[in-house]
Amino acid sequence: MFNSVLAIDKIGSYIKKSGNRFIIQNKDLKEEYSADKISQLLFLTSAAISSEAIRLAVEKNIDIVYLDWRGNPFARTYRPILGGTTLTRRKQLEAYFSPKGAYLVQKFVEGKTKSQDNYLKSLAKDHKENIQLQSLVKRKLNHLTKIDGKIDDIREKLLGIEGSMAAIYFKGLGLLTGFKQRNPEADDPFNVCLNYGYGMLYSEVERACVLAGLDPYLGFFHTDRYGKPSMVLDVVELFRVAVVDRAIVTLFNRGEMDKNDFDMRGDRTLAQGGRKKIVSAVLGRLNTQIEYRNKKLSLKDIVLAQTREIAGFLLEHQRDFKPFIYK
């Protein structure tokens, strides 16, 4: 168990209920966990769960998430009544065609690019011997300034700004980790690990969106497409650096990932040991406390706070939205 997340990572495991406890059985062992100490059941591989165990999880507001081999969530279990979401989702739809939506899009890009810039500069301070990295962070960056217009009119310009920063950012990460370029379809170790970590982050952000009353599929920056949770993807942009990128860069810089952590059959994928390392590292980052709005909060709580602040902005409970920027 990683903090309050119970990760099911052994093929053939079976989870059942006994009183207020979850029982995990497989051919190797039997484990018991109190439901009061768990916030999420995370299925990383093929396993089964009884209906009574699901009922216990729902009663205790325990999130159940199922990840595929890439780390992407393909299903989750929620209480059927979410409550309090109708007005928020109406306002969310209206905002897409108003200045509010264009404002949010720019804030998402601002938060992402400034976080990337800050992290790259932080890495440069820790690796002063890397002359190429020092030169890279001294380049003048085209930071975002206010752009007038509707979302569909300004998206291309924002994508250009985002892409320029991403090129510099991932070149910097490559100087430290040896990977060539960011490509979600690539099968090199670094991209595979990033993909798995981002999948875990998507799951956390989707949960936060639902709890905040937002429609996960009604985004602003990311375009609508069947089955694509565009609102989730919008908010994910704010936390890629702080939660996933830092976790994966640290693992590679410390030499903690090796060839045994990858399954070399067909497309390169994470083996069980590799998955455990990524899950532990990403959950560790989510539970890391940093200063936010003059308080000490975990990154997991900040994700939820940001989605609630977006909802508050849409409902006009607050005048603006300040994106999370990793420093």
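Is Asn-61 buried or exposed? Asn-61 is exposed, because its relative accessible area is 60%, where exposed means over 50%, buried under 20% and partly exposed in between (1.4 Å probe, protein chains only). The structure described here is a predicted model, in which local features need pLDDT of at least 70 and side-chain atom pairs count only at pLDDT 80 or more, while totals for chains, interfaces and linings use all residues. Residues are numbered from 1 along each chain as its sequence is written, and side-chain values use heavy atoms, with hydrogens and water left out.

**Backbone angles in loops**

- Most residues other than glycine have a negative phi, and most peptide bonds are trans.
- Asn-61 is not a glycine, yet its phi is positive, at about 55 degrees.
- Asn-61 is located in the loop between H1 and strand E7 (63-67); helices (H or I, at least four residues) and strands (E, at least two) are DSSP runs, numbered from the N terminus.
- Asn-294, also a residue other than glycine, has a positive phi near 65 degrees.
- The loop between strand E11 (289-292) and strand E12 (295-298) holds Asn-294, which counts as exposed because its relative accessible area is 73%.

**The largest pocket**

- The largest pocket has a volume of about 1100 Å³.
- A pocket is found on a 1 Å grid over the protein atoms alone, as an open set of points where a 1.4 Å probe fits, with protein on both sides within 12 Å along at least five of seven lines.
- Grid points are joined across faces, edges and corners, and the volume is the space filled by probe spheres set on the points.
- The lining of this largest pocket consists of 40 residues, where a lining residue has an atom within 4 Å of a point.
- Asn-72, Tyr-202, His-222, Leu-233 and Arg-240 are the lining residues that lie nearest the centre of the largest pocket.
- Two or more lining residues come from each of strand E8 (73-77), helix H3 (99-126), helix H5 (151-177), helix H6 (189-212) and helix H7 (230-236).
- H5 contributes the most to this lining, with seven residues.
- Sorted by class, the lining of the largest pocket contains 19 nonpolar, eight polar and 13 charged residues.
- In these classes, Ala, Val, Leu, Ile, Met, Phe, Trp, Tyr, Cys and Pro count as nonpolar, Asp, Glu, Lys and Arg as charged, and the others, Gly among them, as polar.

**Helix H5**

- At Lys-157, H5 bends by about 25 degrees, the bend being the angle between axes fitted to the seven residues ending at a residue and the seven starting there.

**Salt bridges**

- Side chains of opposite charge can pair when their charged atoms come close.
- The structure contains 18 salt bridges, each being a side-chain nitrogen of Lys or Arg within 4 Å of a carboxyl oxygen of Asp or Glu.
- In helix H1 (residues 51-59), Glu-52 and Arg-55 are three residues apart, about one turn of the helix, and they form a salt bridge whose closest N and O atoms are 4.0 Å apart.
- Glu-52 counts as partly exposed, because its relative accessibility is 39%.
- Lys-91 and Glu-94 are separated by about one helical turn, because they are three residues apart in helix H2 (residues 86-96); their side chains meet in a salt bridge with an N to O distance of 3.9 Å.
- Lys-91, at 28% relative accessibility, counts as partly exposed, and Glu-94, at 48%, counts as partly exposed.
- Helix H3 holds both Lys-121 and Asp-117, four residues apart, about one turn of the helix, and their side chains meet in a salt bridge (3.5 Å, N to O).
- Lys-121 is partly exposed at 38% relative accessibility, whereas Asp-117 is buried at 5%.

**Cysteines and a buried isoleucine**

- The structure has zero disulfides, a disulfide being a pair of cysteine sulfur atoms within 2.5 Å.
- Cys-193 counts as buried at 0% relative accessibility, and Cys-209 is buried with a relative accessible area of 0%.
- Ile-278 lies in helix H9 (residues 272-286) and is buried, with a relative accessible area of 0%.
- Ile-278 and Phe-221 are 57 residues apart along the chain, and their C-alpha atoms are separated by 28 Å.
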